[in-house]
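Please view the sequence and the structure before reading on.

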Amino acid sequence: MVTVPHIDGKIMFRRCLVTFKPFRIFVVGIGFFSLCFLMTSLGGQFSAKRLGDSPFTIRAEVLGGLESRGVLRKISDMLEVIMKRIDSLSKRDNMSDTRILDELSSAIDRFQPAGLIERIQAIAQNVSNMAVKVEQIFQNSLAAGRVRDGRANRCEAPQDPKYPDCTSKLDWMRARWTSDPCYAFYGVDGSECSFLIYLSEVEWFCPPLPWRNHTAPTTPKPRGKRQAAFRTDIGALLEQVGTGKESLIFMKRRIRRLAGQWGQAANRLGEKLKRSWRERKKILVHVGFLTEESGDVFSPKVLKGGPLGEMVQWADILTALYTLGHSLKISISAKELQGFLGVPPGRGSCPLTGPLPFDLIYTDYHGLQQMKQHMGLSLKKHKCHIRVIDTFGTEPAYNHEEYAMLHGYRTNWGYWNLHCKQYMTMFPHTPDNSFMGFVSEELNGTQKEYIQRNKVNNMAVVYGKEASMWKGKERFLQILHRSMEIHGTVYYETQRPPEVPAFVKNHGLLPQNDLQQLLRRAKLFIGFGFPYEGPAPLEAIANGCIFLQPKFRPSHNSLNHEFFRGKPTSREVSSQHPYAEQYIGRPHVLTVDYNNSEEFESAIREVMTTKVEPYLPYEYTCEGMLERVHAYIQHQDFCIPGVSIGNDSKVWPRNSSSHFVRLPNSSGLAWAGSVAGPSTWPPLSAMRLLLSEEGQSCVEQCQDHSLVCEPTFFHFINSKEAFTQLQIQCDALESEMNHIYPAFSVSRRDCCLQKEPLLFSCAGFHSKFQRLCPCRDFRKGQVALCRDCL
């Protein structure tokens with residue numbers, strides 16, 4: 001513009017000076033103060049919302065909200081007038097620069113509201129004060145970093161080969177320490193020193209810092225042992241169980257109804273144990289499946305024909321532990337679990353720093369998952385105290401996470417790396433696990449006589465409270481109806497379920513006492529294949545019924561049946577109730593092929609001509625359950641390492657004394673009585689060592705000899721000596737992780753030892769291997785305990 005050859009070039013140049021430079025400076029100044037004014041206004045609003053006095057807080061009283069908006073509006077109006085005035089002046093040719101500036105000044109003076117300049121000056125002062133405060137904070141932070149605890153230059157990640165994860169954990173803490181409030185609870189504040197202190201003193205990923213006070217922590221005094229005394233008054237237990245859910249009401253009703261039998265059983269067991277000293281344990285019972293956090297799908301169905309087996313078992317577990325005299329805490333919410341365990345507040349990322357306040361924790365898979373969420377790293381440290389109530393059982397191949405992932409043992413529940421005896425089942429179908437069980441009501445002599453006199457010979461009760469269980473069963477029911485009067489207990493609200501034929505007398509959902517009376521009159525209790533392994537068949541047999549159930553061909557398992565898919569077991573379920581089939585059998589239990597009409601009709605005729613007395617296995621009586629649970633509590637200890645003999649040795653021994661002796665008239669071996677073996681439970685005197693057939697599991701091999709597989713003994717037979725004593729000639733010896741080892745490869749002539757103790761398995765089998773099977777004897781009516789186990 002300066003070089004344009006125009007007669008008015010000089011004037012245009014001067015106009016540019018007037019038009020742009022003063023205006024630009026003026027607008028920038030006004031814009032800056034407007035921005036400061038806005039920051040001041042917002043700062044006052046934010047400061048009013050904070051609990052503390054922030055260093056960035058500008059005094060809110062400088063301008064209120066409405067006043068702030070008014071002043072900003074006036075400034076905007078003033079700028080608009082000034083722009084119009086400048087545009088008007090720039091079009092006039094006969095005005096000097098001085099005159100133009102005077103005109104602008106006059107316009108500003110006329111428009112300026114009273115006190116505006118003073119207010120802008122106040123804003124500027126506030127901004128200046130804020131800058132001073134920020135500078136002070138910065139300087140104080142630097143000073144604090146230099147002198148805090150004398151830690152300057154001492155909070156660098158130490159390089160120690162004993163702590164290889166320290167650096168990576170430190171990086172994680174820098175990025176994620178705000179992800180869980182528990183870190184702040186332990187003093188983490190975002191500084192390097194707080195990270196290292198936490199990782200070396202609360203967790204164990206970094207070495208101790210040399211400048212920290214490392215006085216040895218005071219070891220908590222071991223709790224004094226107290227003697228457990230049998231209890232017969234259940235009042236305190238009922239108060240602990242609580243109220244508010246139909247499931248809890250059902251459990252309390254059951255506890256009350258069986259209280260007398262529990263008391264009598266306690267007296268009998270006390271005499272059997274000769275009043276020997278028993279330690280009173282502190283026990284937490286966390287019923288995970290009833291918590292709201294797990295969804296609690298069971299409670300709403302209690303009065304609508306839903307499954308009750310789990311609640312039956314938990315009610316009996318609580319009563320058994322209480323009757324044995326132990327100190328109980330009962331939790332049915334995640335909040336109660338947190339409170340009882342004393343976990344730090346937060347989301348479970350931090351470990352417990354104190355000792356576990358319980359000797360034992362009974363829970364289920366839902367509760368185990370909740371404990372993982374709230375205990376964090378502490379779960380690994382304390383998991384040996386946990387007992388998992390597991391209806392269908394967990395086999396070693398599904399329990400060992402690494403092995404299961406590598407070999408395709410997929411499950412929705414496993415991978416916990418527990419000792420498999422920590423899983424406790426409803427029936428003794430998986431000897432790799434412990435058998436917890438439940439109880440059925442036991443009849444006295446008078447009641448048994450009354451039942452036998454009043455049995456209705458042609459009366460049948462169908463096992464199935466939900467209408468869906470009757471669907472597609474018309475053919476069986478028609479055959480049964482020719483010979484017997486059929487009764488049902490199917491839940492309905494207003495109309496009779498269409499799945500139930502008209503010739504069936506449906507009583508609806510019955511209270512437990514009324515159901516007992518119905519079973520005491522009936523001759524037959526018939527199942528249609530579902531539900532699996534519930535308590536009802538045992539209750540029916542205990543009331544003098546014959547239980548008729550279908551045989552599954554092929555057996556149901558996790559590969560061919562939806563119900564078992566995802567469960568941590570490869571078990572082959574041969575019938576609706578395998579325990580009733582295998583451990584009770586005829587005449588109380590008939591297992592037939594329902595697809596064979598002749599076989600089914602023959603079974604009906606057998607039922608009507610057979611007389612049976614009420615029968616209840618001892619292990620399902622109150623005394624039997626007390627005896628079993630007492631033995632577990634006093635003898636099972638998974639917090640000490642298991643004993644292992646020669647697991648990793650690959651050199652054949654020379655001149656070694658034998659640990660085994662051959663059994664008379666048998667190819668099996670027993671532990672040599674002359675050899676002082678380590679103290680173990682069950683005792684080694686109960687052990688019998690057998691060699692399975694190819695493709696046979698140790699469960700089957702032991703059963704064939706009227707014995708039970710005992711996985712505790714695997715440690716003592718996992719040696720090359722065991723193969724030698726069984727007269728097996730091995731061309732090679734190997735040791736690896738495999739749930740069928742120890743075993744003998746018939747095709748390769750190899751002796752294979754187990755490398756991972758968690759994979760010792762009674763259930764494992766392979767078509768090309770013969771397994772080394774540790775079996776034991778058992779008490780009559782109590783398969784969980786050997787003869788010398790008490």
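In this predicted model, the sulfur of cysteine 752 has its closest cysteine sulfur in cysteine 751, at 7.2 Å, which is too far for a bond.

Other cysteines are paired, and the structure holds nine disulfides.

| Disulfide | Distance between sulfur atoms |
|---|---|
| Cysteine 182 and cysteine 350 | 2.0 Å |
| Cysteine 730 and cysteine 751 | 1.3 Å |
| Cysteine 786 and cysteine 789 | 2.2 Å |

Cysteine 182 and cysteine 350 form a disulfide that joins helix H7 (residues 181–185), where cysteine 182 lies, to the loop between helix H13 (334–341) and strand S3 (360–363), where cysteine 350 lies, so the pair ties together parts that are 168 residues apart in sequence. The torsion about the S-S bond of this pair is about 75°, so the disulfide is right-handed. Cysteine 182 counts as buried at 1% relative accessibility, and cysteine 350 is buried with a relative accessible area of 1%.

Cysteine 751, the neighbour named above for cysteine 752, is bonded to cysteine 730. Cysteine 730 counts as buried at 17% relative accessibility, and cysteine 751 is buried at 0%.

For cysteine 786 and cysteine 789, the torsion about the S-S bond is about 105°, so their disulfide is right-handed, and both of these cysteines are buried.

Key
Residues are numbered from 1 along each chain as its sequence is written. This is a predicted model: local features need pLDDT of at least 70, side-chain atom pairs count only at pLDDT 80 or more; totals for chains, interfaces and linings use all residues. Side-chain values use heavy atoms; hydrogens and water are left out. A disulfide is a pair of cysteine sulfur atoms within 2.5 Å. Helices (H or I, at least four residues) and strands (E, at least two) are DSSP runs, numbered from the N terminus. Buried means under 20% relative accessible area, exposed over 50%, partly exposed in between (1.4 Å probe, protein chains only).
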